[in-house]
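Have your viewer ready and a selection tool at hand.

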Amino acid sequence: MTDTTPPTVSAAEASDIRIVELPYHRLYRVQPGYVWWRPLLAVLLLVVFIVAAQLIIVVVVMVTLFATGAVALSGPADAAALETAVLSYFVPDVANPISLLIGLGSIAVWLPLVPLALRCAGIRPAGFRVNVANSVTFRLRWRWLAWCVLPAVIVLLLSFAVSVLVGLGSGERLGEFTTDPSTYALSVLLILLLVPLQSTAEEFVFRGVLFQAIGSWLRWVPVALIVTTVVFASLHIYDIWGLLDVASFAVAAILITWRTGGLESAIALHVVNNIIGLVTMGTGIFGPTGITAEGGSPTGLAITVVTMAVYVAIVLWFAKRAGIERTSRIGIPVAPGIPGAPAS
């Protein structure tokens, strides 16, 4: 399933090759020309590229709203209304397909920025198919990703069913289907098209570039786990229970990325989670049709923690049975008189 053949090095380039086994988060250590500041540069460049992309999208939305007369601009009050209108489009609402297109699309555009930032920082290999952030094989293992979709669907659907039953048992009542059927159908289509890109982009940024950058400096995984989890959760708009819910998801994503040697299982979990969440939310039966700051609860957090633990356990069991590569075996040229490979 994986290709771990060491690179060929001529006798003129080195007198010996040392095989080094590195986990996913330490792969930057053996990139050609690695120095400590390259991962930092990659992260900073990625942030700059993402901010620039978001600003471009914001400007396009603002110009469109102004040009179509959706929002006038004749005074401070109108300027505030324009700002509110623009920001509302970046919070996905399934009853509003345009907000889905902008909200999910504005994150999906991060995907090509990852290999661009890595290449600009001099961290190779970098490309859409060959990328150090993919896995320990430098490629996405599509068959393994497909296998991970099955437990993600089963576990998350069961978790959703348990959440509904617990809510009904505590006295909550289901609402009516409030979204226009044709609008809902269009929104579901957009969800199916954009969520895989949006979720994959987030995994490459947080469990890919950021995790590996920290891992290139510190071997101890808990440090990278804490930092990436805090950063990921802080970028969401939820209340404290919702943020803890997101944090539990992030911890699970880091663990399976580390223990399976790649992003595939985290991508599967993220995609399925977001699709189920948005498709069910858009009906209006369970409350608002869009993402809001409220909605988290201790019970919901407990259900999520158990759900994530079950998924992690299943994926690690699958990975062991399937012989999924957890480390990358890389040939390091060792020139005469120069110490061997970097520490793992």
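In which helix is Glu-203 found? Select α6, residues 181-217, and you will find Glu-203 there; helices here are DSSP runs of H or I with at least four residues, strands are runs of E with at least two, and both are numbered from the N terminus.

Before going on, a note on the model: it is predicted, so local features need pLDDT of at least 70 and side-chain atom pairs count only at pLDDT 80 or more, while totals for chains, interfaces and linings use all residues. Residues are numbered from 1 along each chain as its sequence is written, and side-chain values use heavy atoms, with hydrogens and water left out.

Stay with Glu-203. Its relative accessibility is 0%, so Glu-203 counts as buried (under 20% relative accessible area; exposed is over 50%, partly exposed in between; 1.4 Å probe, protein chains only). Leaving aside neighbours within four places in sequence, the residues in contact with Glu-203 include Phe-249, Leu-263 and His-270 (contact: heavy atoms within 4.5 Å).

Next, select α10, residues 298-322. Its 25 residues should span 36 Å at 1.5 Å a residue, and the end C-alpha atoms are 36 Å apart, which agrees (expected span: 1.5 Å times one less than the number of residues). Colour its buried residues, among them Leu-301, Tyr-311 and Ala-319; the buried residues of α10 pack against α5, α8 and α9. Just after α10, Gly-323 has a positive phi of about 70°.

Finally, pick Phe-138, in the loop between α4 and α5. Phe-138 has a positive phi near 70°, though it is not a glycine.
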